[in-house]
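Thanks for coming, everyone. Let me put the structure up, and then we'll walk through it.

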Amino acid sequence: MSAIRINQLRHTYAMKNKTVTAVDDVTLDIGDNEFFTLLGPSGCGKTTTLRCIAGLEQPTSGSIELGGVVVVSDRVLVPTHRRDIGMVFQDYAVWPHMSVFENVAFPLRIGRKLRRAEIAERVEQALDLVNMSQYIDRRATQLSGGQQQRLSLARALVRQPKVLLLDEPLSNLDAKLREQMRSELRLIQQRIGITTVFVTHDQVEALSLSTRIAVMSGGRVVQEGSPREIYLEPNSEFVANFVGATSFVAGRVLSSSPVALTVGTELGTLSCRPQPDVRTGASAIVALRPESLVVTDKPTQGDNCFAGEVELSLFVGDGVDYRIKVGDQSLRARGSARVQFVAGDTVYVTAAADDCVVLLADPDGAEAARDATDVAAGDVESDR
Ligand SMILES: Nc1ncnc2c1ncn2[C@@H]1O[C@H](COP(=O)(O)OP(=O)(O)O)[C@@H](O)[C@H]1O
Ligand SMILES: [Mg+2]
């Protein structure tokens with residue numbers, strides 16, 4: 001059975017002289033114990049979708065079921081406190097005037113009365129789960145950012161809800177801590193087996209944590225699939241560009257069969273991964289991931305090897321980020337850290353056919369994703 005079913009969800013905000021459509025016909029089916037991620041640029045409707053699930057926002061139309069029970073539709077509206085959910089926000093929202101214990105105990109003091117001993121036991125369990133037991137008597141203000149984030153996670157879990165909603169919970173942490181909390185979050189989620197909806201604009205978080213991802217743009221879901229599908233088989237320039245760095249090469253399909261697909265491009269003829277629905281003669285865009293390009297000082301045997309000149313060479317520790325000029329095209333490539341070519345070097349770039357993904361032309365999508373990626377990168381900068 002699905003844990004969460006969202007059907008044709010729409011939400012508009014009324015502004016002074018216009019209405020903003022924040023969520024536009026979103027339909028999702030999220031299974032038990034899934035780690036489901038809404039991924040997309042700022043303003044694409046992720047938070048609004050999550051707030052509708054939580055009951056903090058009443059959708060303009062559509063319906064939502066939690067565990068097979070309708071919580072909102074045109075006839076039903078179950079208030080937030082009667083929905084079986086826990087929620088963590090980007091800004092932690094811990095109560096500064098309370099101790100760690102009181103912060104976590106708070107949700108247990110609402111509604112049904114529990115005995116003191118039971119409250120204490122539940123709080124201890126929740127704190128133990130997030131490795132915070134030793135801070136039980138501290139004031140919330142005496143915690144670091146990462147500890148406050150753990151505290152808000154314990155608070156969200158203390159009632160043992162069926163569903164956990166997380167809105168960019170890691171984005172206010174510094175890079176190192178974010179990575180650590182990322183792994184911990186997944187471990188905790190697996191251990192307690194809780195259906196989770198996670199919101200982020202960070203593709204690495206989305207790819208590494210999720211069982212499934214819905215990529216959103218302009219209030220709509222533009223692709224839904226496993227992390228592998230989203231990364232390796234993007235269905236548009238928007239997704240290819242937003243999820244990972246990608247170079248795009250325009251061309252025309254020269255031949256297409258179930259076993260081989262070739263595209264004539266400015267680089268030359270590219271052998272690509274075969275794909276149904278691609279017709280000979282169609283105009284196409286070939287998407288190339290930096291890490292799938294092999295950079296060498298001598299030509300390689302076989303298909304898809306092109307001579308180029310290094311424009312930019314950045315050593316980044318675990319590899320070298322290149323920009324390589326091939327004809328009029330500038331390709332991004334990720335090379336090994338052991339050898340580093342420098343600007344001006346003549347090199348050869350080779351791509352395996354399986355790594356050359358043909359997309360249908362989507363002229364606006366790529367532009368939108370590039371802008372969105374810039375904004376996302378800006379967000380990260382300002383966190384430091
Ligand atoms: N309270 C609000 N009033 C008016 N517009 C809003 C409000 N909240 C969000 N929006 C608008 O709705 C759209 C989606 O916002 P949001 O769901 O917050 O996106 P995301 O979480 O993906 O950044 C954006 O255009 C945003 O400006
Ligand atoms: Mg948001």
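The centres of domain 1 and domain 2 lie 36 Å apart, taken over C-alpha atoms. Domain 1 covers 2-232 and domain 2 covers 239-380 of the protein chain. Those bounds come from an automatic or database domain assignment.

A word on the source. This is a predicted model: local features need pLDDT of at least 70, side-chain atom pairs count only at pLDDT 80 or more, and totals for chains, interfaces and linings use all residues. Residues are numbered from 1 along each chain as its sequence is written, while chains are lettered from A and ligands numbered from 1 in the order in which they are written.

Now ligand 1. Around ligand 1 sit Tyr13, Met15, Val20, Ala22, Gly40, Ser42, Gly43, Cys44, Gly45, Lys46, Thr47 and Thr48. Near here means a C-beta atom, placed from the backbone, within 6 Å of the molecule. Which element gives the largest share of that shell? It is α1, with 3 residues. Both β2 (19-31) and α1 (46-54) supply at least two. Helices (H or I, at least four residues) and strands (E, at least two) are DSSP runs, numbered from the N terminus.

Next, Val347. Val347 is in strand β19, residues 346-351. Buried or exposed? Val347 is buried, because it has 21 C-beta neighbours inside 10 Å. The cut-offs: 20 or more other C-beta atoms within 10 Å is buried, 12 or fewer is exposed, in between is partly exposed, with C-beta atoms placed from the backbone. Thr296 is 51 residues from Val347 in sequence, yet 5.7 Å away in space, C-alpha to C-alpha.
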